[in-house]
Amino acid sequence: MGRTNDYYGANPRFYVGIDCIIFGFLKGELSLLLLKRDFEPAQGQWSLMGGFVQENESVDNAAKRVLAELTGLNNVYMEQVGTFGNVHRDPGGRVISVAYYALIDIDEYNRESVRQHNAYWMNINEVPPLIFDHAEMVGKARTLMRQKAAAEPIGFNLLPKFFTLSQLQNLYEVIYGEPLDKRNFRKRIAEMNCIEKTGMIDKTGSKRGAALYQFNEKAYKESQKFKL
């Protein structure tokens with residue numbers, strides 16, 4: 001037992017941080033939720049939402065807690081981006097950070113909590129300079145999101161419950177950063193068997209209106225069984 005204690009005690013201890021890259025779909029554009037940092041180091045600069053892993057808390061649970069503290073949301077789609085551990089990445093101390101990206105419905109989050117955290121939505125194409133290595137985290141998160149969106153219907157986490165096919169295509173165009181052929185896109189969505197028509201009409205864009213759809217998770221999971 002003594003040798004074990006010596007082994008652990010002879011090595012340094014670090015802070016383990018969490019940083020959350022929170023994406024939303026706002027006014028037809030991909031947006032990022034950023035904080036105006038109100039403490040040193042880097043007070044007054046733009047930052048991702050972060051925190052530290054606490055005792056008796058897993059890294060995944062810490063990420064869920066940090067996200068919930070800012071947005072008031074639980075059961076949010078999250079994926080780990082990776083670990084960032086350059087020695088001098090944080091002037092406040094030796095911090096190894098595990099980054100996660102989250103996709104949220106921009107109509108569902110707790111606006112009062114976001115306001116209290118001094119956080120704001122920024123168009124992904126107009127993001128200001130970020131502290132530390134946060135820009136690198138965002139870049140890696142976007143790459144991972146595009147890869148995952150090509151294989152699984154994760155984009156629906158950014159949409160309201162009911163949406164038009166045009167809204168859906170617009171979402172995937174901003175995720176990929178390029179226009180998509182309408183016929184090919186709708187064929188691909190049909191093949192995924194993941195949406196269903198609701199019978200409701202959205203008339204905000206024209207008198208005739210457009211059909212509203214919703215994500216059908218059960219049908220999607222059933223369709224995937226036959227691909228295994």
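Author: Two strands are said to pair if DSSP finds at least two bridges between them. Helices are DSSP runs of type H or I with at least four residues, strands are E runs with at least two, and numbering starts from the N terminus. The model is predicted: local features need pLDDT of at least 70, side-chain atom pairs count only at pLDDT 80 or more, and totals for chains, interfaces and linings use all residues. Residues are numbered from 1 along each chain as its sequence is written, and side-chain values use heavy atoms, with hydrogens and water left out. The chain has 7 helices and 9 strands, and its C-alpha trace spans about 75 × 45 × 30 Å along the principal axes.

Reader: What makes S1 and S6 a pair, and in which sense do they run?

Author: DSSP finds 9 bridges between S1 and S6, and the rule asks for at least two, so the strands count as paired. S1 and S6 run parallel. Within this pairing, Ile-18 has Val-98 of S6 as its bridge partner.

Reader: How many bridges join S5 to S6, and is the sense parallel or antiparallel?

Author: S5 and S6 are joined by 7 bridges in the antiparallel sense. Gln-80, for instance, is bridged to Tyr-100 of S6.

Reader: Why is S6 described as mostly covered?

Author: A residue is buried under 20% relative accessible area, exposed over 50% and partly exposed in between (1.4 Å probe, protein chains only). In S6, 8 of the 9 residues are buried, hence the description. Over the chain, buried residues make up 40% of the 228 residues.

Reader: What makes a set of residues a nonpolar core, and which residues touch the most other members of the largest one?

Author: Such a core is a set of buried Ala, Val, Leu, Ile, Met, Phe, Trp, Tyr and Cys residues joined through side-chain atoms within 4.5 Å. The largest has 40 residues, and Ile-21, Phe-23, Tyr-101 and Leu-168 touch the most other members. The elements giving two or more residues to this core are S1 (15-26), S2 (29-36), S5 (77-84), S6 (95-103), H4, H5 and H6 (182-192). H5 supplies the largest share, 6 residues. Another core of 22 residues lies apart from it, with Val-66, Leu-67, Val-114 and Trp-121 among them. In soluble globular proteins, nonpolar side chains tend to be buried together.

Reader: Which residues are in contact with Tyr-101?

Author: Contact requires heavy atoms within 4.5 Å. Leaving aside neighbours within four places in sequence, the contacts of Tyr-101 include Ile-21, Phe-23, Tyr-77, Met-78, Ala-141, Leu-144 and Ile-154.

Reader: How is Ala-141 classed by its relative accessibility, and how is Ala-135 classed?

Author: Both residues belong to helix H4. Ala-141 has 0% relative accessibility and therefore counts as buried, whereas Ala-135 has 49% and therefore counts as partly exposed. Not counting residues up to four places away in sequence, Ala-141 touches Ile-21, Phe-23, Val-81 and Tyr-101.

Reader: What class does the crossing of H5 and H6 receive?

Author: The axes of H5 and H6 come within 11 Å and cross at roughly 100 degrees. H5 is therefore roughly perpendicular to H6. In this contact Leu-165, Ser-166, Leu-168, Gln-169 and Tyr-172 of H5 meet Lys-182, Phe-185, Arg-186 and Ile-189 of H6.

Reader: What is the phi of Asn-56, and why is Asn-56 assigned to its accessibility class?

Author: Asn-56 has a positive phi of about 60 degrees although it is not a glycine. Its relative accessible area is 87%, so Asn-56 is exposed. Asn-75 likewise has a positive phi, of about 55 degrees, and is exposed because its relative accessible area is 85%.

Reader: Which peptide bond is cis, and what is its omega?

Author: The bond joining Glu-40 and Pro-41 is cis, with omega about 0 degrees. Pro-41 is in the loop between S2 and S3 (46-47). Most residues other than glycine have a negative phi, and most peptide bonds are trans.

Conventions: Axes are lines fitted to C-alpha atoms, for helices over the stretch in contact, and angles run from 0 to 180 degrees between N-to-C directions. Angles under 35 degrees count as roughly parallel, over 145 as roughly antiparallel, 65 to 115 as roughly perpendicular and the rest as oblique.
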